[in-house]
Amino acid sequence: MSKYEPSAPPPAAPPSYSEVMGGVPPSAPLTAAQPITPGPTIVTTVVPLGPRATHMVCPHCYAEIETSTKTTPGLIAYISGTVIALLGCFWGCCLIPCCVESCMDVHHNCPNCKAFLGRYRR
Ligand SMILES: [Zn+2]
């Protein structure tokens, strides 16, 4: 009788980790696959620009600014102005102010970096 008596025969081939976990290789645990988290809040230029100065964050210099507006005559203003000029003798000049005012585009610029932020079209 020898002193060495194994109680049970050693297993021939222990199941590997991938087999136990159902085919997932141990080198790529699920915890490593982190979802793509959005970074800091992205400041977009999609800001509802109105006919007046808008409080927003400038996408160029990232400063909190109040947009400086400047009204410029749009294409419709030129067309209507031409039409009004042609029909002025028939309709009179009383229509010019309201038409010109309603056809003015409002350009928004950053007062800090002078960047063009957008245009409000009536
Ligand atoms: Zn700016």
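Visitor: How many helices and strands are there in the protein chain?

Guide: You'll find 3 helices and 5 strands. Bear in mind that this is a predicted model. Reading from the N terminus, the order is α-β-β-β-α-α-β-β.

Visitor: What is the confidence like along the protein chain?

Guide: The mean pLDDT is 72, and 50% of the residues reach 70 or more. Among the elements, β2 has the highest mean, at 96, while helix α3, residues 96-102, has the lowest, at 59.

Visitor: Where is Glu66 found, and which residues does it touch?

Guide: Glu66 belongs to strand β2, residues 64-66. Leaving aside residues up to four places away in sequence, Glu66 touches Ala53 and His55. As for Arg52, 14 residues apart from Glu66 along the chain, the two C-alpha atoms are separated by 9.9 Å.

Visitor: What makes Tyr62 exposed rather than buried?

Guide: Tyr62 has 11 C-beta neighbours inside 10 Å. The cut-off for exposed is 12 or fewer, so Tyr62 with its 11 counts as exposed. You'll see Tyr62 in the loop between β1 (55-57) and β2.

Visitor: And what is there to say about the phi of Tyr62?

Guide: The phi of Tyr62 is positive, about 55 degrees, although this residue is not a glycine. Most residues other than glycine have a negative phi.

Visitor: Which residue takes a positive phi in the hairpin of β4 and β5?

Guide: That's Lys114, with a phi near 65 degrees, in a hairpin that has 6 residues between the strands. Lys114 isn't a glycine either.

Visitor: Why is Lys114 called exposed?

Guide: Within 10 Å of Lys114 there are 10 other C-beta atoms. Exposed means 12 or fewer, so a count of 10 puts Lys114 in that class.

Visitor: How do you know that β4 and β5 pair?

Guide: Pairing takes at least two bridges, and 4 bridges join strand β4 (residues 104-109) to strand β5 (residues 116-120), so they qualify as a pair. The two strands run antiparallel. Among the bridge partners, His108 goes with Gly118 in β5, and Asn109 goes with Phe116.

Visitor: What makes β3 and β4 a pair?

Guide: Same test: at least two bridges are needed. Strand β3 (residues 68-73) and β4 have 6, so they count as paired, in the antiparallel sense. Take Lys70 as an example: its bridge partner in β4 is His107.

Visitor: What share of the protein chain counts as buried?

Guide: Of its 122 residues, 7% are buried. To be in that group, a residue needs 20 or more other C-beta atoms within 10 Å.

Visitor: And what share of the contacts join residues at least 24 apart?

Guide: Taking contacts between residues at least 6 apart in sequence, 53% join residues at least 24 apart.

Definitions and conventions: Residues numbered from 1 in each chain as written. Predicted model: local features only at pLDDT ≥ 70, side-chain atom pairs only at ≥ 80, totals over all residues. Contact = placed C-beta atoms within 7 Å. pLDDT = per-residue confidence, 0-100.
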